[in-house]
Structures are given as C-alpha cells and as structure tokens.
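Hello,

Here is the structure I promised to pass on.

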Amino acid sequence: MPYTPSEIEAKWQAAWDKAGTFKAVRDTSKPKYYVLEMFPYPSGRIHIGHVRNYTMGDVIARYKLSTGHNVLHPMGFDAFGMPAENAAMASGGHPKDWTYNNIDDMVAQMKPLGLGIDWSRMFATCDPEYYGQQQALFIDMLDAGLIDRKNATVNWDPVDMTVLANEQVIDGKGWRSGAEVERKDLTQWFFKISDYADELLEALDGLDDWPAKVKLMQENWIGKSRGLQFAFSLVEGVGSHDRIEVYTTRPDTLLGASFVGISPDHPLARALEQDNPELAAFNAECRKGGTTEEALEKAEKKGFDTGLRVRHPFDTSWELPVYVANFILMDYGTGAIFGVPAHDQRDLDFARKYDLPVISTYAPATDDGTAMPEDGGAAYVPPKTETVIYVRGFAGETEQTGAAAIDAAIDFCEANGVGQGVTKYRLRDWGLSRQRYWGAPIPVVHCDDCGVVPEKKENLPVELPYDVSFDIPGNPLDRHPTWRNTPCPACGKGALRETDTMDTFVDSSWYFARFTSPHADTPTDPEDAAYWMNVDQYIGGIEHAILHLLYSRFFARAMHKTGHLPASAIEPFDALFTQGMVTHAIYKTTGTDGRPVYHYPEAVELRDGGGFLKDGTQVDIVPSAKMSKSKNNVVDPVAIIEQYGADTARWFVLSDSPPERDVEWTASGAEAAYKHLARVHRIASDIAAGDVAANDADEALLRDMHKAIVDVTNGVESFGFNAAIAKLYGFTATLAKSKAGSSAKREAMKTLAQLMSPMTPHLAEDIWAMLGGEGLIANAPWPKADDAMLVEDTVTLPIQINGKRRSEIAVPKDMPKDEVEKLALADEAVIKALDGGAPKKLIVVPGRIVNVVI
RNA sequence: GCCCGCGUGGUGGAAUGGUAGACACUGGAGACUUAAAAUCUCUUGGCCGUAUGGCCGUGCCGGUUCGAGUCCGGCCGCGGGCACCA
C-alpha cells in the first residue's frame, strides 16, 4: 500500500469532523487546557510561518487532548487595519469585501493542514458582533475612569491633509505625497495604562512561564526610575514663567551641569517663539519629520540658545544658559533637563558643538589613563553599581557607587528644600484614536449642549457604513453625508458621531477572552470565561514581545475592573512561547541597470555548491533571509501540501530547527521529510503483514520504545519539537532494523504512531487503523513509559586528562566514587600519561565524567 | 541612537558547566536494476598520518574553572522592537 497523503489526509479530516474531536465544550469533570496561537492578519495567503506557528500550537493541543485534557484551540482573524484600505485605494474594492474574501481564502488554505481547531468558534475582529462588544467594553471602561481624552502628537501630511502611520513616513516624508511630514497635536482618546505601570511591572515577577527576555523588554519599556524633580529659577522671567521644572535620574551630577535644555514643545519654548521669529523657525524645523522615538534619536542633535539664564540651585551666582534642544521629549519627565556633558555622551556632543563647559563630578576609582571628558575624552558613564570617586559630590561619601550617591543626593536635596525624590515611568498612556475608516468606531457622540457623550449600549454596535469611497486621502467617515448624524444619547438633540476608529491593538487585546464564548451578547460569558481562562499556552512571534502583550495584560485588568473577567484572569497568558521565523534563501543576479534581480527558487538549479539559472548564469545566494514577496523567496504552503501533503509540511517545519529560532525552508528538506513519512508508512505496512514469532530481540526493541516515549514526551512538553523528531528518526531506524517478533513490533509501531500523532496526525491515524488500534488515535491515551524498562546497568564514563578526552571506561551505574577512581587510574591512557607520577587532582563526577589533572 | 536576542562542519542544527558536531540535508562510494527512479548499506569538521593516533576547532579578544559552545568582561556581525505595520 503506497503512501498517498491526499487520500489519507482528506479521509481523517472528515473522520475528526464527524466525531467532533476538536469541538470544545465546557466540562468540569476534566482539566481544561487552552492553547492559542496569535491570530493572523487576513492578508489572503497563508504563509509558511503561519504553518509553523499553528502546527506548534496543534502539537500541544493534540498532546493535551491525549493526556486527558479538555482542550480549547480556536482560530480567528485580526481583520481591521490599514492594508484593507490600501488595497481599496490601489484597486478600488471595498475593505470589507477584500477582508472577508481573504478570510475565506485563508480558511480554505488552512483547513487542509488538519489542525485540531474548534472552527465553530471562529470570528473576525471586523464582525459587527465582535466590535460591538468591544464598543460596550469601551463604554464600561470610560465609566470606570480607565479612559482619558487629551492631546497627542501625530504625523501630519500637509499635502494630503491626513494623518500618517509611522510606516507611511519614509525618511521624514509622506509615502504618497512625498511632502515633508510635520508633527501635529490632535485631541485623542487614551487608555490610562500608565495608571497600571507599577502593577504591570510588579506582576512580571509572577509570569514564571514567560521567556525572561520578554519580561526584561517589558520591564525596560515600562521604565520605572527614581529621580529628583526640582526647578531652576530664571534670572529674568518670561511672562508667567519664572522657573523651569526638571527631572533627573542623576541628581548626583548636579554640580556638573553646564546648560538647561527644554523641548521645542515646552510651554516656555512656545511662549518665547511668539516674539522670536528665529526661535519659531527653529522650533518649526524641529517639528518636522516623523514622531517615532527612533527618528528623534537619530536626528542630528541641535540646540537654540534662548539667551535666557537660570540660577544653579546650590550657588545662585552660578548661571546656566537655556537652550531649546530637539532631542528633549515633551512626553517624558517635565520636558526639560539639565545637561551634564562629562557623564552623558549626547550632552558632551552638544557641549562641544555649542562650546559649553565640561565639568566632571566623578572619576574612575582607579585611573587607567583614559582621557577625562574635559580633556577631549569620551563621556564617563559607568554603571550605577560601580564605585567611583566624587570630585564634585555634595552628598554622601567621596567614594561610592552611583546608586548610593543618587540616593544621598535626593535625601540632601529634599532636606535642603531643593526638590523632591519622585518615581517616574517611561510608559505612556495608550492612544487609541485612529483617523481611519477600517476599524471599530469609537462609540461616542459629540453634542453641542452635552459635550462628549457615550453611545447607549442598546444602540450598539455602531456599525461602519458600507457606502464609502477611497478615492481621496483621509477618513471617509469624515465626509460621509449622513452616518455622522445621530441624536445625542443624553438630550436627544441632533449631534455628531465621533469619526475616529480604534487602534487595531484594541481588537487583539481581548480576542482570547472572546474565544471562550464567541457569540455571547456581552463581551464575555462569566461561566465560560471562568472555566476556560487563562490561556494555558500562548504562542506567537517575538515581534509582539512588548506592545501586544503589554496591552493585553492591561486590558485583562481593565476587563476585570469592569466585570468582564474574573480576578484570576488579570494575567491572561499563563505560559508564553515565542517562535522564530521561516526563512528562505534569496537568489539574485545583477540586472543591466545595476539593480538586483530576484529569481524564484523554481528557476534556480542547485549544483556544484552554487545556484544556476537555466541559461547557466550563476546566481548569488543569500541564505536565511526573511521571506518577502519583493525578493521572490516566499514559499507557498498550498503548493507544498499539494505536492507532499500536510503531514510533510508539518513535520518539516517542526524538525531541523528549535522552535524559538528561525528555520530555513529548503526544497531538499521538504523532500526528505516526505521520504521519511513514506518510509514510516511502508514499515507500518510491513509490520501489519508480518508474522514472526516472539524472540529475544523483543526486549531490546521494547526498551528502546520506552526510552522513545520518555524522550518524545519531554520534547513535546518543553517545546523541543526538533529534538523530539530527532528521537523519532532514531526510533524509526531501530524499529526498521529490529528482528523482534510481530507482536512486539506491532506494539512498537502503534506507539511510534502515537508519538508522531501530534506532528503528523493523518499518517498516525492511518497506521493506527492499519494495526487495529481502537477508535481514533487522536483520542487514544498518550503512551506511558514503564520505569522498569528504562533502567540501565552500566554507563560509559569518558576519562579526561587535563580536561581533554583521552579514554573511556564502562562501569556499573551506581559504582562508588573510590572504585571509579581506582579503575580510572588503572586505565592504560592514564598510566601512560602519568608516567609513574601521581595525579595532581582526580575529579570524578558519578555517572558523568572522570578528569585526571597532571 | 536606545532596549532585547542570536552567532557551532559545505547546510539546518544537537549538547543539566562534563565525550563538541546527536538527528537531518548535501556531497562521495557501493548494493539492487538491462537502465533510470525508488530503496538499502557505508562514508562525510579541518590539518598531519599507511595506521594506532596526534594537532586544531563553537564570530573575535581576554577572564573564571580540574573542565567553557554553555558563566563573566570587551569587541564585531546579524535579527526583533522603539508606542499609528500587524
């Protein structure tokens, strides 16, 4: 019987459907397990990276099913966002049609993968049913004081008269108009996530099954700092401004200050520009370009001397100049700083540019001869934990760590009435307003008499109108003739709807909760949420380490506060796994115009260690590049499934590379995966037809089987899928070569099929049926290893001489240390190396290694 | 610029501080075959050597340790994120 994936896979998918194998139903008699992969954006085509992501989740889901869990494994679509509008602009369709067509296409591409998903729970965030409940959440959060309205800076395209996303700003210019982008303030809605800064930080400690790197990134993002806030008094006031409030995390360097810097958006800077055209021009220049931190940080550091001077708080005769500087953010601290060139490279560059003094406040504890900053050296910026010598200290010891000096400086300043120690966070409130059509409308109404009023819940969802056009830039809701008009929910008079829609991060911040009851007429159903939450295992890309995961953590808290999630669900993801990308080589040649020309893998023949086109031209090979349409190196999973079947695609994306790392897709690798599965199928057929009596090879085979159970189980539980697959290769080879009797072989083969079933479920079902397994393998209990079959009596100990392996001895597993020593010293290689002398040291690590030091 | 990762043969990678290169791909040799495909067997880090074997080797430089791919410090390269891409 040949291995024909197309038949096998369709057959078993139908069998699972019929049996409702993956339909999740609340059942308190079993432990629940909720496994979730980050849901996809409906681009229209599934990507091999999706295959990898969902296969990993499916392995966990199927494994948990076979260990007696009640499994929830849902799928949905993160369906709002800019690409749908861009497509509408480019080809004239409608975002809604484009999106739903794409979803249909993607579901059709995903189904053949045989994922154990409860498809009955599927939804898209652009379903009015979903975003209507999101609007209800918004209203509840507004009532609960979790939402605020204030100014935010956006990228403004002065030609298209529209707000641009950061990715639409290229080199400071609008992507369509090419106009220089300006920063502009708009009134926007904000989630008050900064109120939760400390809690979100503290709670990271409890997330034991999250990668440490993700927690560290979130910690740095929240950016808790302790510092000193105080004011410099202006020598001469300007209008109502007589002082400049500054915040510093390094108050110990106060005596090294050489200038005060304020943001171009600082109230004082705005006041001064009224009658200083030069400064107004400078500020306007600073407001050009995108809003990203990256753009601000990379811009050339520029300053403008306002001519104002402030007094140093510790010496009123010491006056410092006040500069407006483009690198100071109004969003962080007070929008004003004092510059200490000796201990900050940016300040040092600034001081040298504008010829300001450089004054060290501390120096290295041991002079290593490096030039001081005042003598042309680099800024001296040691870690706060390092002990340094304070040459211009004013609090605490002369020799102390930066951290100690900072604490002493804050105490000193507080005692002397110079300022207060304050704790600040880098985390800013989450601006959720978007000036775009394809998003969830923000359910508020602007009334001349009542002001801003939330829509009544019975009027939800506030649905997007379908009759819109995308022929001109900007938000079509703004120019819709009737949609905006609505009675005020408070007074009933004619009023206007808000036309801003919600950030798509809002959609993805609670979809995991909605999956627990996707059609409830409230955002969640209390019993379903209580039963299914939390997500036991969440799987997704590392690119979501900060924003999506932090917003979701905030949202879970907000949903708890508004009664939509139990207290136990404020950390919604018990365990997180971040998987790597699937990459593929790029094949390129250089065109006549000198630009690279990219070639499809099908067009390239690999031989003699190089790649060649049909005409013999050699191509440059860039290995392991991120798949990208423009580079022609995207692998289409549909073609792979048609050629080899879903099991091959699943097996390949799990093998070869650890899940957290990128995996390189190679045609030869896929071919090899297929060959292996065909081989397993062939071995199973042979075994099913075999009739060999039990014999002495049986025990060895069964011992190996039990070892394989342990290794594969450990691999699956620890996301070591590639290691588990390596063991499966090994056990397959053992089984193929074994001379054991048919009964033992059938047992071993059925176990192999079970161990493979999470990865290659269709093949596993087929083998299971072939060998007379009961029911579906998907429902069969996971095999258990027999400890008695795992005991090994002897171990091989490597013998090192001076840390290099020179020999080995076989010893009983539990041989005492002193006997191992004797045996080691009697080893030929050791005797030779000792040459009659005695070893300096003899290290014996039982069961591990012997090291003879000579 | 700032934050976080990663770097091991021709290739993907394995390795609780304890035999570096498991497993797989590619390449090479062979078996089977009229032939090819398929399948099976052996081999495949570099250098020296007929061989027993020896030396080198985990991006680079240094350190800790009996012992470092693994821990520490410093560099280099690549990737992710930087709040309106999702």
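Start with the residues Arg62, Ser66, Gln754, Ser757, Ile777, Ala778, Ala780 and Trp782. Together they line the second largest cavity. Please keep in mind that this is a predicted model. The space in this second largest cavity comes to about 60 Å³. Its lining divides into 4 nonpolar residues, 3 polar and 1 charged.

How many cavities of 30 Å³ or more does a search of the whole structure find? The search finds 4.

Now to the largest cavity. It holds about 190 Å³ of space. Its lining is made up of 16 residues. Nearest the centre of the largest cavity lie Met89, Thr162, Gln168, Arg436 and Gly474. Two elements give two or more residues to this lining: helix H3 (82-91) and strand S4 (162-164). H3 provides the largest share, with 4 residues.

By class, 6 residues are nonpolar, 6 are polar and 4 are charged.

If you have time for one view, go to the largest cavity. Find H3, the source of 4 lining residues. Then pick out Met89 and Thr162, which are among the residues nearest the centre.

Best wishes

Conventions:
Residues numbered from 1 in each chain as written. Chains lettered and ligands numbered in written order. Predicted model: local features only at pLDDT ≥ 70, side-chain atom pairs only at ≥ 80, totals over all residues. Heavy atoms only, no water. 1 Å grid on protein atoms, 1.4 Å probe; cavity = no way out; pocket = protein on both sides within 12 Å on 5 of 7 lines; lining within 4 Å. Points joined across faces, edges and corners; volume = space filled by probe spheres on them. Nonpolar A, V, L, I, M, F, W, Y, C, P; charged D, E, K, R; others polar.
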